Amino acid sequence: MGRSLFQHIISRLLGLLGITIQEPPAEQADIIFSKRIIPEAEHRIPRRLLDDNALKVAYRLQDSGYEGYLVGGCIRDLLLSKVPKDFDVATDAHPEEAAELFRRSRLIGRRFKLVHVRFGRDLVEVATFRTSHDNQVKQDDQAGRQCDSGMILRDNVYGTIEDDARRRDFTVNALYYCPKDHCVYDFANGYQDLQQRRLRIMGTASDRYREDPVRMLRAARFAAKLDFTIEPASEKPIFELGQHLSKIAPARLFDETLKLFQSGHAVASFTELRRLDLFRYLFPQVEPLLEQDIPEMPVDTLVLNALNNTDRRLAQNKSVTPAFLFAALLWYPTKQLMEKLIREQNMPQLPALHEAANQVLAAQVRTTAIPRRFSTPLREIWELQLRLTRRSEKSAARTFEHPRFRAAYDLLLLRENSGEALDGLSQWWTDYQTANPDQRHSMSQQPATAERPKRRRRRRAPSNRAND
Ligand code: ATP
Ligand code: MG
């Protein structure tokens, strides 16, 4: 019997005796923590779709006297007939105990200790049941830590499967598959929420978002990916708590950004992030431009087209890179700053671009850390936007040879298709790629009109004009 059900019965008995107990807060009222076992005949998850390695890990744990379940997104996705991204295992074995059972395992994490079990190129993540920090009485008081805002700094307080269900983020992510009886264990009505396509956070929404503000991004991501509706009480606090994301390590926000925009649901995620007013906390330099309507800077169209492009590529099993994604998203803040430097400081175009890139990226990495392996090609993609405007035979040939040509050309296409006035430059490059040497020669004789450096004319004495 679930512990909360027990508490519920006690409170009813007390009620009959005329003793009232405090009602749970409204946000929490409709989560009933009671164990429900959904048999295979009802949930119908085909056994062949379960990951062999995750099953091996769960069986091994169970054979060694521990509990072992497949849990989280994999069960949620299988119930929705989607292909899970990864399979996670939950157990009552402590990380050190679990690690001992598997030869090819590694203990990882400090904030959240986990065991990674390797199977060739595959990896199964084994997490010990966690409990809420209020329950850390007899455990090591260093195991869990929260800061003043309520944010969890360390989450290594262990508990039972029911405790573990409560500390998970959404009810649909708290479904446990037992490989022994093939049943799904549901402690928080997640199965019903899933059938009603509803995303509901566990517990009091505002507390859970304060504990870990990334849950707000996860809400946006799951709503987009699963096409779920965020239940009102789970959604409401998001509008007020977005700024808590500024406390999250930029490296973690970078990872979350990739999950949002490189998992095949980028357009839906962007729409959801904007609706929940969270996009500004990931791309603070882009948000203000989205709200302006500058015809020569079709920011929202470019962003949407870039994300659409990413979704399409992933659907076709083509590769995507964060370098391109960030180059597209941050193009207009960079271009705007470059033009300002040219206009106000009379800087030549290339140094102005370098300076703008430095400033924009320095501001961006304070929010989402972009590893150098992506920021270097990203800068090249931007630099090539300038080089692509030069159509002389030699210059075009050199640009075409550049390792980043393809990505740069793709960005150029996106810019022009989004409405930026580039005077047919992308068509020129489209033709160039299939042209033979003679054709390329005659193409480069065409006047290059697009994207001429816009330098502010200095007032000069009339005699100098002839040298212009
Ligand atoms: P996907 O893998 O498709 O992105 P997922 O739900 O499996 O979705 P993971 O990040 O793999 O997401 O996490 C696995 C499980 O761990 C989740 O389903 C959830 O139960 C739990 N979890 C992950 N992140 C959090 C969090 N920030 N707060 C609470 N629980 C979390
Ligand atoms: Mg997962």
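Ligand 1 sits in the largest pocket of this predicted model. Pockets were traced on a 1 Å grid over the protein atoms alone, as open sets of points with protein on both sides within 12 Å along at least five of seven lines; a molecule sits in one if more than half of its atoms lie within 2 Å of its grid points. As for the ground rules, local features need pLDDT of at least 70 and side-chain atom pairs pLDDT 80 or more, while totals for chains, interfaces and linings use all residues. Side-chain values use heavy atoms, with hydrogens and water left out, residues are numbered from 1 along each chain as its sequence is written, and chains are lettered from A and ligands numbered from 1 in the order in which they are written.

So who lines up around the ligand? The shell around ligand 1 holds 17 residues, each with a heavy atom within 4 Å of the molecule. Arg76, Lys85, Asp212, Arg215 and Arg221 are the closest. Helices are DSSP runs of H or I with at least four residues, strands are runs of E with at least two, and both are numbered from the N terminus.

Arg215 places a polar side-chain atom 2.8 Å from a nitrogen atom of ligand 1. Lys225 does likewise with an oxygen atom of the ligand, at 2.9 Å, and Asp86 with an oxygen atom at 3.3 Å. Taken alone, ligand 1 exposes 580 Å², and the protein buries 87% of that (Shrake-Rupley areas, 1.4 Å probe).

Elsewhere, strand S5 (residues 114-119) has partners in S4 and S6; strands pair if DSSP finds at least two bridges between them. S4 (residues 105-108) runs antiparallel to S5, joined by four bridges, among them Arg106 with His116 and Leu107 with Val115. Their hairpin has five residues between the strands, and Gly109 takes a positive phi near 80 degrees there. S5 and S6 (residues 122-128) are also antiparallel, over five bridges, including Arg118 with Leu123. In this second hairpin, two residues lie between the strands and Gly120 has a positive phi near 60 degrees.

Terms used: Polar contact = N/O pair within 3.5 Å; in protein donor to acceptor, adjacent residues only side chain to side chain. 1 Å grid on protein atoms, 1.4 Å probe; cavity = no way out; pocket = protein on both sides within 12 Å on 5 of 7 lines; lining within 4 Å.
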